[in-house]
Amino acid sequence: MTAITATQPKTSQLKTILIVEDDPMMQLGLKHILNQQPHLTVVAQAVNGNEAVSVALQHQPDIVLMDIDLPGIDGIAAAQQIRAALPHTRILMLTHHSNPTQVMAALSSGAHGYCVKGTNAEQLLLAIATVQEGGSYLDSKIADCVLQNLKTLPDNCANDDIKLTEREMQVLQQLVEGRSNKQIAAQLGMSVHTAKGHLEMILAKFEASDRTQAAIKALRLGLV
């Protein structure tokens with residue numbers, strides 16, 4: 001990866017990042033890229049899953065950049081523990097895995113995004129910005145495969161069980177595409193408060209605990 005400055009709008013609030021990666025060269029490269037961003041700072045690093053949980057609890061970072069294949073407990077188990085203890089921390093998986101089942105396991109663990117190693121720095125920064133702003137990110141290299149896999153999965157409820165208004169369907173489409181509340185509001189010409197209200201109603205109707213679960217259910221039911 002080569003150093004690059006993010007093209008995303010700068011935020012006045014510094015966001016803290018925990019890097020969880022057992023490859024020293026990869027860890028060094030990530031730290032170099034992230035610390036060059038004026039709105040990001042790497043506060044800690046971990047080389048295994050157990051250490052990741054401990055360090056996350058200590059530093060309570062805004063974002064965790066997490067590998068999956070780690071010594072000790074893997075990144076999926078570590079993500080589950082971090083999400084349970086720190087619900088406001090955003091987790092972005094960064095891994096070699098591109099198998100849809102592995103991706104779904106990662107997202108089901110509470111991860112907010114999935115980025116494949118080997119992506120360029122600009123895309124990595126876009127992924128970080130997306131999850132930081134409340135959206136979900138799925139690497140384009142595996143998105144189509146994962147979405148097709150999701151649509152074939154069975155679900156325990158029928159489409160008729162969920163009644164969404166036309167506006168909620170529009171918001172749901174934006175949600176599945178991984179947009180944040182602010183981005184949804186801008187795209188649909190509504191206030192952020194209104195967008196948040198529609199999202200809360202969608203989560204309630206889907207009986208989903210978070211945005212990722214709602215998106216997965218929508219895809220399973222073929223609603224989008």
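1. Arg 167 is in helix H7 of this predicted model. Its relative accessible area is 29%, so Arg 167 is partly exposed. The C-alpha atom of Arg 167 is separated by 8.0 Å from that of His 198, although the two residues are 31 apart along the chain.

2. Helix H7, residues 166-176, also holds Glu 168, which forms a pair with Lys 205 of helix H9, residues 192-206. The partners are 37 residues apart and link distant parts of the chain. Glu 168 has a relative accessible area of 5% and is therefore buried. Lys 205, at 30%, is partly exposed.

3. How many salt bridges does the count come to? The count is 3. Besides the pair in point 2, Lys 117 meets Glu 21 at 2.9 Å, N to O, and Lys 117 meets Asp 67 at 3.2 Å, N to O. As a general point, side chains of opposite charge can pair when their charged atoms come close.

4. Where do the members of this network sit? Lys 117 is in the loop between S5 and helix H5 (121-132), and Glu 21 is in the loop between S1 and H1, 96 residues apart. Asp 67 lies in the loop between S3 and H3, 50 residues from Lys 117. Both pairs link distant parts of the chain.

5. The largest nonpolar core has 23 residues. Leu 18, Val 20, Met 66, Ile 82, Ile 91 and Met 93 touch the most other members. At least two residues of this core come from each of S1, strand S2 (40-46), helix H2 (49-59), strand S3 (63-66), helix H3 (75-85), strand S4 (90-95) and strand S5 (113-116). Apart from this core lies another, of 20 residues, including Leu 30, Ile 63, Ala 121 and Val 131. In soluble globular proteins, nonpolar side chains tend to be buried together.

6. On the surface, Asp 22, Asp 23, Asp 69 and Asp 74 gather in a patch of negative charge. Asp 22 belongs to the loop between strand S1 (15-20) and helix H1 (24-35). The relative accessible area of Asp 22 is 34%, so this residue is partly exposed.

7. Two backbone angles deserve a look. Gln 60 is not a glycine, yet its phi is positive, near 45 degrees. Gln 60 is in the loop between H2 and S3 and is exposed, with a relative accessible area of 52%. Glu 207, also not a glycine, has a positive phi of about 55 degrees. The place of Glu 207 is the loop between H9 and helix H10 (211-220). With a relative accessible area of 73%, Glu 207 is exposed.

Terms used
Residues are numbered from 1 along each chain as its sequence is written. This is a predicted model: local features need pLDDT of at least 70, side-chain atom pairs count only at pLDDT 80 or more; totals for chains, interfaces and linings use all residues. Side-chain values use heavy atoms; hydrogens and water are left out. Patches are made of residues with over 30% relative accessible area and no salt bridge: like charges are joined within 9 Å, nonpolar side chains (Val, Leu, Ile, Met, Phe, Trp, Tyr) within 5 Å. Accessible areas come from the Shrake-Rupley method with a 1.4 Å probe; for residues, only the protein chains shown count as cover. A salt bridge is a side-chain nitrogen of Lys or Arg within 4 Å of a carboxyl oxygen of Asp or Glu. Lys and Arg count as positive and Asp and Glu as negative; His and the chain ends are not counted. The place of a charge is taken as NZ of Lys, CZ of Arg, CG of Asp or CD of Glu. Helices (H or I, at least four residues) and strands (E, at least two) are DSSP runs, numbered from the N terminus. Buried means under 20% relative accessible area, exposed over 50%, partly exposed in between (1.4 Å probe, protein chains only). A nonpolar core is a set of buried Ala, Val, Leu, Ile, Met, Phe, Trp, Tyr and Cys residues joined through side-chain atoms within 4.5 Å.
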